[in-house]
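Hello,

Here is the structure I promised to pass on. My notes follow below.

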Amino acid sequence: MLELVTATRYVTPLREGGSLPGVVEADDLGTYVVKFRGAGQGRRVLVAEIICAELARRFGLRTPDLRIVDLDPRIGAREPDPEIQELLKASEGHNLGVDFLPGALGFDPLAWSPDRAFASRLLWFDALIHNVDRSWRNPNLLVWHGDTWLIDHGAALWFHHNWRTADPQRPFDARDHIMAPYAERIEEADAELPGLVTEDVLREVTALVPDEWLEDEPGFAGPAAVRDAYIEHLLARAHGPRAWLPEVAR
Ligand SMILES: Nc1ncnc2c1ncn2[C@@H]1O[C@H](COP(=O)(O)OP(=O)(O)OP(=O)(O)O)[C@@H](O)[C@H]1O
Ligand SMILES: [Mg+2]
């Protein structure tokens, strides 16, 4: 399981994020960007955040540490914005905490020329997880201490909003992907990365999702069955014909 911490102070909302994440301090003296369970599309977004970030980490891609943050909405009592009050009230209990990277800058491809191998691995990874949120408009990459860090995987694995139509062979449209112009070594990524997508790794990362976020999923007997479905989907995608790999990159 991910480590559990308790929120002690609501510092500020991150208004640049569509889901209104908040910067929160916790009882381990850490500072976290909290993605709230009560926001927009709800807990599935947090499931995607965990599975994808933990998979990224096992691919050797940098992404901030994750925690489960226990929230008492009263810590935000002094926030004047009613939208934030509502969000906190709807998120009492467990939420996702992303280690806050202080002073991180948004990734700017005009300022940083991405390494071609990194660009190729990142594009392959996003294609695997169906991540539609790594465009040049909104790259969801931070530059911190000279390295590039991946954040915000909430829009990935979007097939889970309608499991019946989930298709492991669905093509990935990379035309807007931030790394499309730089992914010159996609064939190398495609030779190397499928081997990292093993059943063991997928069991490990899906096990990090709290049961409570997988309960009562329509069409599934329980959390274990939902985990199996993610595992099956990603195994089929990684080890199938991989016609989903974008043409723009090939
Ligand atoms: N771990 C972090 N450390 C520092 N800044 C962060 C971190 N996570 C997020 N941010 C900042 O907050 C913004 C919003 O975060 P994030 O993209 O995760 O939220 P979101 O609501 O899912 O956003 P979106 O509008 O892209 O869907 C980021 O663009 C970044 O500027
Ligand atoms: Mg974002």
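By class, 10 nonpolar, seven polar and four charged residues form the shell around ligand 1. Here Ala, Val, Leu, Ile, Met, Phe, Trp, Tyr, Cys and Pro count as nonpolar, Asp, Glu, Lys and Arg as charged, and the others, Gly among them, as polar.

The model is predicted: local features need pLDDT of at least 70, side-chain atom pairs count only at pLDDT 80 or more, and totals for chains, interfaces and linings use all residues. Residues are numbered from 1 along each chain as its sequence is written, while chains are lettered from A and ligands numbered from 1 in the order in which they are written.

Back to the ligand. Of the 21 residues around ligand 1, the nearest are Gly-17, Gly-18, Ser-19, Leu-101 and Asp-152 (near: C-beta atom, placed from the backbone, within 6 Å). Domain 1 (4–99) and domain 2 (105–239) each supply at least three residues of the shell; the bounds come from an automatic or database domain assignment.

Next, the strands (DSSP E runs of at least two residues; helices are H or I runs of at least four; both numbered from the N terminus). Five of them form a closed barrel, β1-β2-β3-β5-β4, with mixed pairing (a pair needs at least two DSSP bridges). Strands β4 (residues 66–71) and β5 (residues 93–99) run antiparallel, joined by six bridges. Ile-68 stands opposite Leu-96 in β5.

Last, helix α1. Of its 16 residues, 13 are buried, so α1 is largely enclosed by the rest of the structure (buried: 20 or more other C-beta atoms within 10 Å of the residue's own, with C-beta atoms placed from the backbone). Gly-60 follows α1 and has a positive phi, near 80 degrees.

Best wishes

Technical notes:
A residue is buried if 20 or more other C-beta atoms lie within 10 Å of its own, exposed if 12 or fewer, and partly exposed in between; C-beta atoms are placed from the backbone.
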